[in-house]
Amino acid sequence: MDIPVVTSGDARIPAVGLGTWDLRRRTCVRMVEQAFRLGYRHIDTAEMYGNEREVGEGLRASGIDRDDVFITTKVWPDNLAPADLERSIKESLARLRLAHVDLLLIHWPSPRIPLPDTIGALCRMKQAGFARHIGISNFTVPLIEQAVRLATEPLVTNQIEWHPYIDQSKVVASCRRHGLSVTAYSPIARGRAGGDAQLRRIGMHHGKTAGQVSLRFLIQEGAVVIPRTSNPERLKENMAIFDFELDPGEMDEIRGLAGGARVVDWSGAPNWD
Ligand SMILES: NC(=O)c1ccc[n+]([C@@H]2O[C@H](COP(=O)([O-])OP(=O)(O)OC[C@H]3O[C@@H](n4cnc5c(N)ncnc54)[C@H](OP(=O)(O)O)[C@@H]3O)[C@@H](O)[C@H]2O)c1
């Protein structure tokens, strides 16, 4: 089955990708290889995950053509000064053994390094051909607006924490206004959604699991989802979300779960607003 794409400008982002945070060594190689064999065409990594080498190895082991896949990596906030950003992407490409990534993201904004310097450098990395597309991650509404004003190349996504327990409507609306797609990270709330009784009950009407309902909810909200798993069976489960549809009542019920709880720790993050 071909996975649908979400478009932003001329970027065509497969709507489901495999998240790889915390996938290490052989597990990472095996899961990436297996994901591609099953039909995934999108992998999310980052210099901080320490697994770019394994992601590249998994891609080559799968035998899938490089041009048929969408690989995202991210630059860590310590490396957002222009010279560091350029070094960082070159090192990522060397570890991945690729000539370019499909999407290069600023992993988190840095309060230390001026955003104009970072966005300028990010745009130059696209112009230099190291990344086909560029974007941002963990950007708040005011920062999205600054970034869009500064960018001379299109920003195609903002990757943010999004699952049924968090209301991201303000950030999502800002992304839409500025033509960015939204990529939902932690889309199963690090496993919590998989055990949710309400999502399970909704899923029973469709012959689907609670995890699939969480992913399908985000897809119907227009997001790209990047669930992570270290379990080959769940690779299949997490992509089998295009053969059912949640009705408006079910969508509203799931929206009602949002209580604002994040699963990713922002406590070390400065106040960027
Ligand atoms: N940009 C950022 O700052 C940022 C931050 C966090 C994450 N991310 C990216 O987003 C990806 C996904 O987020 P995440 O890893 O935080 O969390 P997640 O994908 O929401 O959850 C992963 C957890 O859920 C379990 N799981 C997977 N599929 C399931 C299913 N169908 N039913 C029930 N449980 C399921 C997995 O366990 P098993 O392994 O046992 O299946 C794993 O423990 C990351 O891997 C990373 O690529 C980006």
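Which residues touch the most other members of the largest nonpolar core? In this predicted model, local features need pLDDT of at least 70 and side-chain atom pairs pLDDT 80 or more, while totals for chains, interfaces and linings use all residues. Numbering runs from 1 along each chain as its sequence is written, and side-chain values use heavy atoms, with hydrogens and water left out.

**View 1. L18 and L104 in the nonpolar core.** These two touch the most other members of the 82-residue core (buried Ala, Val, Leu, Ile, Met, Phe, Trp, Tyr and Cys joined through side-chain atoms within 4.5 Å; buried is under 20% relative accessible area, 1.4 Å probe, protein chains only). Setting aside neighbours within four places in sequence, L104 has contacts (heavy atoms within 4.5 Å) that include I89, L122, M125 and I134.

**View 2. Helix α4, residues 115–127.** Helices here are DSSP runs of H or I, at least four residues, and strands are E runs of at least two, numbered from the N terminus. Buried residues of α4, among them L122 and M125, pack against α3, β6, β7, α5 and β8. Just past the helix, G129 takes a positive phi of about 90°.

**View 3. T183 in strand β9.** T183 counts as buried because its relative accessibility is 4%. Beyond four places in sequence, T183 touches T157, N158, Q159, I160, V224 and I226.

**View 4. Helix α9, residues 232–239.** L235, N238 and M239 are its buried residues, and they pack against β3, α1 and α8. At the start of α9, a side-chain oxygen of N231 comes within 2.8 Å of the backbone nitrogen of E233.

Methods
The expected span of a helix is 1.5 Å times one less than its number of residues. Buried means under 20% relative accessible area, exposed over 50%, partly exposed in between (1.4 Å probe, protein chains only). A polar contact is a pair of N or O atoms within 3.5 Å; within protein, one must be able to donate a hydrogen and the other to accept it, and residues adjacent in sequence count only if both atoms are side-chain atoms.
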